[in-house]
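Here are some notes on the salt bridges, point by point. Please read them with the coordinates open.

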Amino acid sequence: MIMGYSTRESMMAKAKINFEIDEESLANAKAYVARHGGSLNRLVSSLFASLGEDEKLHAPLIDPAKRVLLDLSSGKVSLMEATQLLELPDAGYTLRRLADEGLPLPKLPDDVVRDQAARSLVALKACLVEPRPLKAGRRRPVAVK
Amino acid sequence: MTTLLIPDSGPLFSLAAADLLGVLLHFRVAITDVVKEESIDKGKESAASIEARRLLEFYSANKAGVELFATQVGHDLRSLRKKDPGYRMPRNVGELSIQSLLIRLQVQGIDAPPIVLFEDAWFLRNAEVLAKPCLVLSTQAFLVNAEALGLIESAAEARRAIAALRPTAYAKTFRR
């Protein structure tokens, strides 16, 4: 038997699906609804909504420190915030932890970086202590070991 | 008058991670008292990271090339600490101190809006809402422009070096 359901009762967007079901299973479902109230629509919807819930309950909890590093990597928290949350002595340790976990640095989309760089190049040139042409006359910075 | 480049703490640590602090010497750099406390001063602690030590060494060797600005935020933090030695700094206080400096510079009527250098994550969380007048710049875009200005060989290489914390891997490409 082919059934068609349209669930229009709630405010959420609805989709219509068709699927095949044994006559016996359908009779069983109808009997269940008759005993407990509701409708076949609600019964099927609630079954679909509950899928995966048990997986969530049994999902391994992410280590809170790893969570902070993941948030740092995705840009949800700043380097300094992450350092505070992890209670590390300074942000150098946080960068180290990020690298050790194999997590990437937060990354801006390439077009955003290109746009920012283009918009700021002239202003950045105005910050140069000794403005110089490209790849010429560079001053040797103090080496930091 | 040369425009100010004001880095937040995050970019300072990133540049230190790739041993790229020397790039800053090409610019007129200003840091706030709070940013100094969050980054450079951490190098004084016995458990300081390599990056924090590198920042302290860099600052000690180049004090004349880095302008230090006291801010109202820094003043307030010191007052709060006097009253309560266990006082914990609020989050992103370095950014607040930069805002404090920007307000001060605006009141003083600076000629050109400074450039504020933030870590890339800042741009993922904020829509460049910092008080104008200033130009905000991500570390990624700063590196792209440093390459364009011939100060570093490759922005992409620099970023890889920051991510890997392997300054020696970048030594060959850093233009000294």
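1. Lys36(B) counts as buried, because its relative accessibility is 14% and the cut-off for buried is under 20%. Keep in mind that the model is predicted.

2. The partner of Lys36(B) is Asp41(B): the two form a salt bridge. Their closest N and O atoms are 2.9 Å apart.

3. Glu37(B) forms a salt bridge with Arg81(B). Here the closest N and O atoms are 2.4 Å apart. Glu37(B) lies in helix α2 of chain B and Arg81(B) in helix α4 of chain B, so this pair ties together parts that are 44 residues apart in sequence.

4. Arg81(B) is partly exposed, with a relative accessible area of 25%. Glu37(B) is partly exposed too, at 23%.

5. Lys36(B) and Asp41(B) also belong to a network. Salt bridges with shared partners join these two residues and Lys44(B).

6. Asp33(B) and Arg78(B) make a salt bridge through their side chains, at 3.3 Å from N to O. The pair links distant parts of the chain, 45 residues apart. Asp33(B) sits in helix α2 (residues 33-38) of chain B, and Arg78(B) in helix α4 (residues 72-83) of chain B.

7. Is each end of this pair buried or partly exposed? Asp33(B) counts as buried, because its relative accessibility is 12%. Arg78(B) is partly exposed, with a relative accessible area of 39%.

8. For the overall tally, the count over all chains comes to 12 salt bridges.

Note on methods:
Residues are numbered from 1 along each chain as its sequence is written. Chains are lettered from A and ligands numbered from 1 in the order in which they are written. This is a predicted model: local features need pLDDT of at least 70, side-chain atom pairs count only at pLDDT 80 or more; totals for chains, interfaces and linings use all residues. Side-chain values use heavy atoms; hydrogens and water are left out. A salt bridge is a side-chain nitrogen of Lys or Arg within 4 Å of a carboxyl oxygen of Asp or Glu. Helices (H or I, at least four residues) and strands (E, at least two) are DSSP runs, numbered from the N terminus. Buried means under 20% relative accessible area, exposed over 50%, partly exposed in between (1.4 Å probe, protein chains only).
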